Amino acid sequence: MELSSELVTEFLGGVPLLQRLPASSLMKIAGVASVRRYDEGASVIREGEVIDGIYFIWEGEAEVSGSFHADGEDCSEFRLKKYDYFGHGLASNQSADVIAISQLTCLFLPNKYANLLKPNSIWSADDISGERCSLVEQILHLDPVEVDIFKGITLPNAPRFGKVFGGQFVGQALAAACKTVDCLKFIHSLHSYFLLAGDFDIPIIYQVYRVRDGRSFATRRVDAIQKGNVVFTLMASFQKEEDRFNHQVPTMPLVPDPDELLSMEDLREKRVMDPRLPKTYRNKVAIASAEFIPWPIDIRFCEPNTSTNQTKSLPSLKYWFRAKGTLSDEQALHRCVAAYASDLIFVQVSVNPHRYKNNKVSVLSLDHAMWFHRSFRADDWILFVIDSPSAHGGRGLVCGYMFNRKGELLVSLTQEGLLRKAREAVSAPKPKL
C-alpha cells in the first residue's frame with residue numbers, strides 16, 4: 001500500500017531531526033522519499049555496508065547491534081522506533097547491523113536530496129539572506145538547540161522599547177511551537193502571559209512542551225527563559241484545517257484605503273511641522289524621530305488627528321498594517337507575524353480616556369490572547385480594529401478584530417495591561433561642597 005503525500009508530510013513533522021525545516025522542505029521530501037518494508041528479523045543495514053541515504057522509521061522497531069557495544073550498556077539506547085532515523089552516509093569502518101525486530105516500514109531519502117535537510121531558514125528552503133529577507137522574518141528566525149529547544153535573539157535593528165518587545169516574545173514563542181507541530185496543522189488559538197521584563201542584550205531560550213498530539217489537534221506550551229527564569233509563557237492549540245461551518249458577525253467598518261493614508265514615518269514628519277500642535281510636543285517628536293528605529297511593520301492610521309499623548313480621546317483605534325518586504329509563503333510564518341505586530345499598538349488604547357497634561361501613564365502588557373479564523377498573508381494589508389471596553393483596578397482591557405481588504409474576519413484578539421501613573425525621575429541630590 002502506497003502512502004499518501006499528506007500522510008508522509010504529517011509524519012515527517014514529528015521527526016525531531018526535521019523540526020528546523022520549513023514546510024516547503026518537508027513537502028519536497030514527501031515527494032521524493034520512497035517506502036521500504038522489512039519482515040521481522042530482516043537486515044536493514046548489514047555490517048560494512050555504505051548507506052546512500054537516510055531512513056526514517058514509520059512503523060515497527062529495529063535494533064542496532066555490533067562490536068561497538070560496551071558490556072552492561074543500556075540496550076534500549078540502540079532500539080529504534082517511530083520517528084527515529086539512521087543512515088545518511090554511514091561508512092564501512094564502523095561495525096553495525098540494523099535488524100528489524102518486528103514488521104518494519106521506513107521512509108528512505110536518497111543522499112542526492114540531502115540538501116533538503118540544510119535550509120538557510122526555518123521558514124524558507126530558498127536562500128533569502130540579507131536584503132531579500134523581510135526584517136520581521138529575520139526577527140522571527142530561531143536556531144534549534146536541541147529537540148524542542150530553540151534560541152532567539154533581539155536583532156540590533158528590531159524594536160526594543162527599553163526591553164524585549166512583547167510582540168517579539170509572542171511571535172518567537174509561537175514560531176517555536178509551530179516548528180514542533182506537523183505543517184498540516186495551523187495555530188488557531190494562543191494564550192500568553194508576560195511575567196518578567198526581557199533583556200535584549202542576551203539570547204532567549206524557548207523550551208517547548210508537547211502537551212498533546214492528536215489526529216486533528218495538537219497542543220503546545222512554550223516557556224521563554226533568560227538567566228534561568230521564565231520571563232514569558234504561551235499555550236497554543238493547532239488544528240488540521242477543516243471546511244465545514246462558516247459565519248461572521250463582526251463587519252469591517254468603512255475606512256479609507258491604506259494606499260490613501262500616510263505611513264508612520266510621513267505622519268511623524270508632518271506632526272513635527274504642524275503649527276496646531278504645542279511647540280514642546282513637536283520638539284519632543286523631532287528628537288524622538290532622530291533616535292527612532294523603524295518598525296518592520298508598515299502602519300497606516302485610518303483617522304489621523306492633531307491629538308498628543310496628553311490629549312483625552314475615545315478608547316478606540318483603527319489602523320492598517322502589513323509586514324515590510326515580501327515574506328516566505330509558509331502560513332505559520334504569516335500567523336507569527338500577525339502575533340508579533342498585534343502588540344505594537346494595542347493595550348495603549350485603554351489609556352486614551354485618561355490622557356491629560358502632566359499625567360504620564362506607564363503601560364505594561366500582562367496577557368495576550370488570539371484566535372485565528374482564516375488563512376492570510378501578513379505582507380498584504382490587514383485592518384486592525386481596537387476597542388477598550390473597560391479599565392479598572394489598575395488594569396486596562398482591549399479587544400480587537402483583524403480584517404482583510406475583502407472584509408473577512410481573520411483574527412480576534414484580547415489583551416490586558418497594567419496601567420499606572422509613571423514615576424517621576426528622582427534626581428540625585430547635589431553635594432553641598
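**Values set against definitions**

Trainee: What span should the 13 residues of helix α4 have, and how far apart are its end C-alpha atoms?

Mentor: The expected span is 1.5 Å times one less than the number of residues. For α4, residues 166-178, that gives 18 Å, and the end C-alpha atoms are 18 Å apart, so the two agree. Helices (H or I, at least four residues) and strands (E, at least two) are DSSP runs numbered from the N terminus. This is a predicted model, in which local features need pLDDT of at least 70 and side-chain atom pairs count only at pLDDT 80 or more, while totals for chains, interfaces and linings use all residues. Residues are numbered from 1 along each chain as its sequence is written, and side-chain values use heavy atoms, with hydrogens and water left out.

Trainee: Why is α4 called largely enclosed by the rest of the structure?

Mentor: A residue is buried under 20% relative accessible area, exposed over 50% and partly exposed in between (1.4 Å probe, protein chains only). In α4, 13 of the 13 residues are buried, so the term applies. One of them is Phe 169, which counts as buried because its relative accessibility is 2%.

Trainee: What makes Phe 169 and Phe 232 a stacked pair?

Mentor: Rings of Phe, Tyr and Trp (its six-membered ring) pair if their centres lie within 6.5 Å; planes under 30 degrees apart are stacked, over 60 edge-to-face and the rest tilted. The whole structure has 14 aromatic pairs. In this one the centres are 5.4 Å apart and the planes are at 10°, so the pair is stacked. Because Phe 169 lies in helix α4 and Phe 232 in strand β14, the pair ties together parts 63 residues apart in sequence. Phe 232, at 0% relative accessibility, counts as buried.

Trainee: Why is the pair of Phe 194 and Phe 232 called tilted?

Mentor: The ring centres are 5.2 Å apart, but the planes stand at 50°, so the pair is tilted. This pair also links distant parts of the chain, with Phe 194 in strand β11 and Phe 232 in strand β14, 38 residues apart. At 15% relative accessibility, Phe 194 is buried.

Trainee: Is Val 230 buried, exposed or partly exposed?

Mentor: Val 230 lies in strand β14 (residues 229-240). Its relative accessibility is 33%, so Val 230 is partly exposed.

Trainee: What covers the buried residues of α1?

Mentor: In helix α1 (residues 5-12), the buried residues are Val 8, Thr 9, Glu 10, Phe 11 and Leu 12. Their cover includes α2 (23-32), β3 (53-59), β8 (104-110), β11 (185-194) and β14.

Trainee: How do you know that Leu 327 is buried or exposed?

Mentor: Leu 327 has a relative accessible area of 4%, so it is buried. Leu 327 lies in the loop between β16 (316-323) and α7 (331-341). Contact means heavy atoms within 4.5 Å. Leaving out residues up to four places away in sequence, Leu 327 touches several residues, including Ser 134, Val 136, Val 337 and Arg 377. The C-alpha atoms of Leu 327 and Val 337, which are 10 residues apart along the chain, are separated by 9.4 Å.

Trainee: How many helices and strands does the protein have?

Mentor: The protein has seven helices and 20 strands, and 46% of its 433 residues are buried. Among contacts with a separation of 6 or more, 74% are between residues 24 or more positions apart.
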